[in-house]
Amino acid sequence: MIDYIEKGAGLHRAVTDAGHWLEQRDGVWISSDDDAVQRIIDGYTLEQAKAEQQRRVAAQARALYDAVTAGISAAEMAGWPILLAESAAYRASGEVGTAIQAEAAIRGIPVETLVAKIEGNAAAFQQARAAIAGTDGRKRDEIGALTTFAAVAAYRIDEGWPL
């Protein structure tokens, strides 16, 4: 017979990863191998439970980052640091870098207009990035400070995100 202690979803994944199953039927916990599953339950640590919740928080952050950049190609994003550096140099010295000069000419807009667009897009992206990263870090820190399995299992990773 299983002496079950609620330790969160990560415990159930650990049981499954070990090739076993555990389920509750009519209020009784049954498993594929009571001795083996009980060892997994007993050996599953608070640190493992925290790590599982922190992994879930990081996955939520990744999904939000993906939402922010949805529809933007990796090739375009690879050019952002160049455009930002050239925009900063333009603001500092008035000299136009080759990437900005070429893009503005092909687009048919003044360099100043393109630089303003680059700066606006960068500011919007950084605001979203900072909000996601800050929430991700705060949530992982909060989980790290929890002291019981019940508190870890009850922690709401889906609440309080900026987007």
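So, the lining of the largest pocket: H7 gives the most to it, with seven residues. Helices here are DSSP runs of H or I, at least four residues, strands are runs of E, at least two, and both are numbered from the N terminus. Keep in mind this is a predicted model, where local features need pLDDT of at least 70, side-chain atom pairs count only at pLDDT 80 or more, and totals for chains, interfaces and linings use all residues. Residues are numbered from 1 along each chain as its sequence is written, and side-chain values use heavy atoms, leaving out hydrogens and water.

Back to the pocket. Its volume is about 390 Å³, taken as the space filled by probe spheres set on grid points joined across faces, edges and corners. A pocket is an open set of points on a 1 Å grid over the protein atoms alone, where a 1.4 Å probe fits, with protein on both sides within 12 Å along at least five of seven lines; lining residues have an atom within 4 Å of a point. Of the 18 lining residues, Glu76, Trp80, Leu83, Ile118 and Asn121 are the closest to the centre. Helices H5 (80-93), H6 (98-107) and H7 (111-145) are the elements that give two or more residues.

Okay, over to H1. In this helix, residues 9-17, Gly10, Leu11 and Val15 are buried, meaning under 20% relative accessible area with a 1.4 Å probe, protein chains only, while exposed means over 50%. On the other side, Ala9, Thr16 and Asp17 are exposed. And just after H1, glycine 19 takes a positive phi of about 85°.
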